Amino acid sequence: MDRTQKKEWVGSLHGTLESAGLVVVTHYSGLTVAEVTDLRSKMRAAGASFKVTKNRLTKLALEGTAYENIGDLFTGPTAIAYSADPVAAAKVAADFAKTNDKLKILGGSLGGQRLDVAGVQALATLPSLDELRAKLLGMISTPATRIAGVLQAPAGQLARVLKAKADKDAA
């Protein structure tokens, strides 16, 4: 990479990090190309991204963002997982690390608050933003369906009584 390519890469990563809600730093040493491709596809499906980084350039990209506090994690073969959703990247990275010992989570940052490995693991156990929205929608719509059922019940009972009376009179 020449200087202009490095500047463009740093600028691109800086913009990406500014819009991210969560950044997880990992060591990926020993992962095969197929495993990294699998991890990237899982991240993409969850609305997150996984990127192998150059440590020195990533530290430059972190300057001026909320994630400056994780600069010391970038030693050795590092990669970052990031997402706008504050749970998605942590969830996919933690699930992948459970099944593959070659991916090690070093830590991360959630909107400027530094997280250790346990913090990232705890974040991974939380439901995603979409799951929370679905639960909230379910909680809101449940009383409405109950009200509709209660309101329809007397009319249904009245109709059954009238039908029974009509059947009795016809016989």
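Both faces of strand E3 are covered: Thr78, Ile80 and Tyr82 are buried on one side, and Ala79, Ala81 and Ser83 are buried on the other. Buried here means under 20% relative accessible area, exposed means over 50%, and partly exposed lies in between (1.4 Å probe, protein chains only). The model is predicted, so local features need pLDDT of at least 70 and side-chain atom pairs count only at pLDDT 80 or more, while totals for chains, interfaces and linings use all residues. Residues are numbered from 1 along each chain as its sequence is written, and side-chain values use heavy atoms, with hydrogens and water left out.

**Overall chain**
- The chain has 6 helices and 5 strands; helices (H or I, at least four residues) and strands (E, at least two) are DSSP runs, numbered from the N terminus.
- Along the sequence, the pattern is α-β-α-β-α-β-α-β-β-α-α.
- Of the 171 residues in the chain, 33% are buried.
- Among contacts (heavy atoms within 4.5 Å) with a separation of 6 or more, 80% are between residues 24 or more positions apart.

**Strand E3 and its partners**
- All 6 of the 6 residues of E3 (residues 78–83) are buried, so this strand is largely enclosed by the rest of the structure.
- In a regular strand the side chains alternate between the two faces of the sheet.
- Strand E1 (residues 22–27) runs antiparallel to E3 and is joined to it by 6 bridges; strands count as paired if DSSP finds at least two bridges between them.
- Val23 has Tyr82 as its bridge partner in E3.
- Strand E2 (residues 48–52) also runs antiparallel to E3, with 5 bridges joining the two.
- For Phe50, the bridge partner in E3 is Ala81.

**Helix H1**
- The 17 residues of H1 (residues 3–19) should span 24 Å at 1.5 Å a residue, and the end C-alpha atoms are 25 Å apart, which agrees; the expected span is 1.5 Å times one less than the number of residues.
- Trp9, Val10, Leu13 and Leu17 are buried in H1.
- Seen down the axis of H1, the buried residues fall within an arc of 100°, so they line one face of the helix; the arc is that of the directions from the helix axis to the C-beta atoms.
- Lys7, Glu8, Glu18 and Ser19, on the other side of H1, are exposed.
- The cover over the buried residues of H1 includes E1, E2, helix H3 (55–62) and E3.

**Largest pocket**
- The largest pocket is lined by Arg3, Lys6, Lys7, Val10, Arg56, Leu57 and Leu60.
- H1 gives the largest share of this lining, 4 residues, and H1 and H3 each supply at least two.

**Helix H5**
- Gly119, Val120, Leu123 and Ala124 are the buried residues of H5.
- These residues cover an arc of only 140° around the axis, which puts them on the same side of H5.
- The buried residues of H5 pack against E1, helix H4 (88–99), strand E4 (104–110) and strand E5 (113–115).

**Pro127**
- Pro127 lies in the loop between helix H5 (117–124) and helix H6 (129–170).
- Pro127 is partly exposed, with a relative accessible area of 22%.
- Not counting residues up to four places away in sequence, Pro127 touches Val87, Lys91, Leu132 and Lys135.
- Pro127 and Val87 are 40 residues apart along the chain, and their C-alpha atoms are separated by 7.3 Å.

Notes: 1 Å grid on protein atoms, 1.4 Å probe; cavity = no way out; pocket = protein on both sides within 12 Å on 5 of 7 lines; lining within 4 Å.
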